[in-house]
Every structure is written in C-alpha cells, then in structure tokens.
Amino acid sequence: VNFAPGSTVANAVTTKVGAGGAVCIFNDAATHLIVDVNGYYASTANFGALEPARLLDTRTSAIPAAGVTTSLVVANRGGVPANATAVTLNVTSTGSLAGGFVTVYPCGTPRPNTSNVNFAPGSTVANAVTTKVGAGGAVCLYSDAATHLIVDVNGYFASTASFGALEPA
C-alpha cells in the first residue's frame with residue numbers, strides 16, 4: 001500500500017501465513033493501520049502462497065510509453081510453477097506522466113475493457129490482481145498512459161485448483 005500524508009488508502013493483499021499463524025506488516029512512516037480479513041485458503045487448497053518476488057520493475061529502464069502492452073512471463077519465475085493457471089500479483093504504477101489505467105490480462109487473449117490500477121499524474125498506486133496465465137506462461141500489462149510498472153508475485157493456482165480464472169469482464 002502506498003500512501004501520502006493525510007490520505008486513506010486501501011488495497012487487497014494475498015499473503016502467505018507465517019510462523020505462529022501470523023502475518024507481519026511493515027510501514028516506513030508513522031500511520032494507523034486497519035486490517036480486515038476477507039477469507040483464507042485451506043491447507044488442502046491448490047493455491048500456492050509464495051514469499052513475494054519482484055518479477056518486473058521498469059524504473060531501471062525507460063518508462064513504457066502510453067498505449068504499450070508489456071508481456072511478463074510468470075511461469076517458472078518467483079516460485080510460480082510451469083503449470084500454474086492463475087497468479088496473484090501486486091501491480092504498481094509509479095512516476096506516471098499523465099492520469100490513466102493499467103489492465104492486466106492473460107497474454108494471447110483480447111485485451112478486456114477493464115482496469116486493475118487507476119492512477120493520477122505522478123502518483124504511486126498499487127493494487128492486488130488475480131489473473132489467468134496466458135500464452136507462453138505470460139500475463140500482459142497494458143497502460144493507456146506512460147508509467148513505470150512494478151509487479152510482485154504473491155501466489156499461484158495450480159492446474160488442478162478449484163479456482164475458476166476468468167478473463168476480466
């Protein structure tokens with residue numbers, strides 16, 4: 001979750017449960033925290049919770065231009081197995097040159113008319129995204145405005161999972 005002084009910001013998070021059944025929350029600035037639990041995956045579920053792993057950070061290169069689709073291979077990276085059917089990601093837009101949106105969807109399918117992250121110029125906005133894995137083990141990220149993208153993987157659904165991954169609608 002990224003926040004500015006005096007702001008109230010929410011975000012969904014999917015995380016692995018740690019030692020003693022706990023999760024840790026780190027913040028780098030003094031702030032009040034509110035944590036709501038919306039559900040869980042049973043130990044028998046076909047969801048693979050991962051230690052978060054960074055899969056993409058465009059801040060180390062040129063900012064992706066407006067209207068560009070970035071293909072990101074997720075299979076066999078960050079703990080995601082080759083047979084994963086869906087992944088849970090944290091997708092962040094930062095340093096945007098204009099207001100816009102990011103759409104995350106399975107590569108090899110038509111881009112849906114939906115958004116996962118909406119941002120204002122210069123803002124840093126993150127959102128949790130669960131998406132089906134597409135062609136070549138990749139997910140696509142489309143941004144209608146120039147913005148840097150940061151993507152961390154938090155988990156995956158195996159091919160035998162009871163989770164029904166859909167294309168966004």
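Start by selecting Arg111: beyond its neighbours within four places in sequence, Arg111 is in contact (heavy atoms within 4.5 Å) with Thr103, Tyr105 and Tyr142. Before going further, note that you are looking at a predicted model, where local features need pLDDT of at least 70 and side-chain atom pairs count only at pLDDT 80 or more, while totals for chains, interfaces and linings use all residues. Residues are numbered from 1 along each chain as its sequence is written, and side-chain values use heavy atoms, with hydrogens and water left out.

Stay with Arg111 for a moment. You will find Arg111 in the loop between strand 4 and strand 5; strands here are DSSP runs of E with at least two residues, numbered from the N terminus. Arg111 counts as partly exposed because its relative accessibility is 43%, on a scale where buried means under 20% relative accessible area, exposed over 50% and partly exposed in between (1.4 Å probe, protein chains only).

Begin at Asp152, whose side chain meets that of Arg54 at 2.6 Å, N to O. This pair links distant parts of the chain, with Asp152 in strand 8 and Arg54 in strand 1, 98 residues apart. Asp152 is buried because its relative accessible area is 14%, whereas Arg54, at 48%, counts as partly exposed. From Arg54, move on to Asp57, where the closest N and O atoms of the pair are 3.8 Å apart. Asp57 also pairs with Arg59, at 2.7 Å between the closest N and O atoms, and Arg59 is partly exposed at 46%.

**Into the core**

Which residues have the most contacts inside the largest nonpolar core? Select Leu72, Val87, Leu89, Val91, Val102 and Leu141, from a core of 24 residues. Such a core is a set of buried Ala, Val, Leu, Ile, Met, Phe, Trp, Tyr and Cys residues joined through side-chain atoms within 4.5 Å. Strands that each supply at least two residues of this core include strand 1 (47-57), strand 3 (86-94) and strand 8 (148-157). A second, separate core has five residues, among them Tyr105, Cys107, Ala138 and Cys140.

Now centre on Val91. Not counting residues up to four places away in sequence, Val91 touches several residues, including Val102, Val104, Asn127, Leu141 and Ile150.

**Last stop: the cavity**

Searching the whole structure turns up one cavity of 30 Å³ or more. A cavity is a set of points, on a 1 Å grid over the protein atoms alone, where a 1.4 Å probe fits but cannot get out; lining residues have an atom within 4 Å of a point. About 40 Å³ of space lies in the largest cavity. To see its lining, select Pro64, Ala65, Val68, Thr70, Leu141, Tyr142, Ser143, Ala145, Thr147 and Leu149. Strand 7 gives the largest share of this lining, three residues.

Key
On a 1 Å grid over the protein atoms alone, a cavity is a set of points where a 1.4 Å probe fits but cannot get out, and a pocket is an open set with protein on both sides within 12 Å along at least five of seven lines; lining residues have an atom within 4 Å of a point. Grid points are joined across faces, edges and corners, and a volume is the space filled by probe spheres set on the points. Helices (H or I, at least four residues) and strands (E, at least two) are DSSP runs, numbered from the N terminus. A salt bridge is a side-chain nitrogen of Lys or Arg within 4 Å of a carboxyl oxygen of Asp or Glu.
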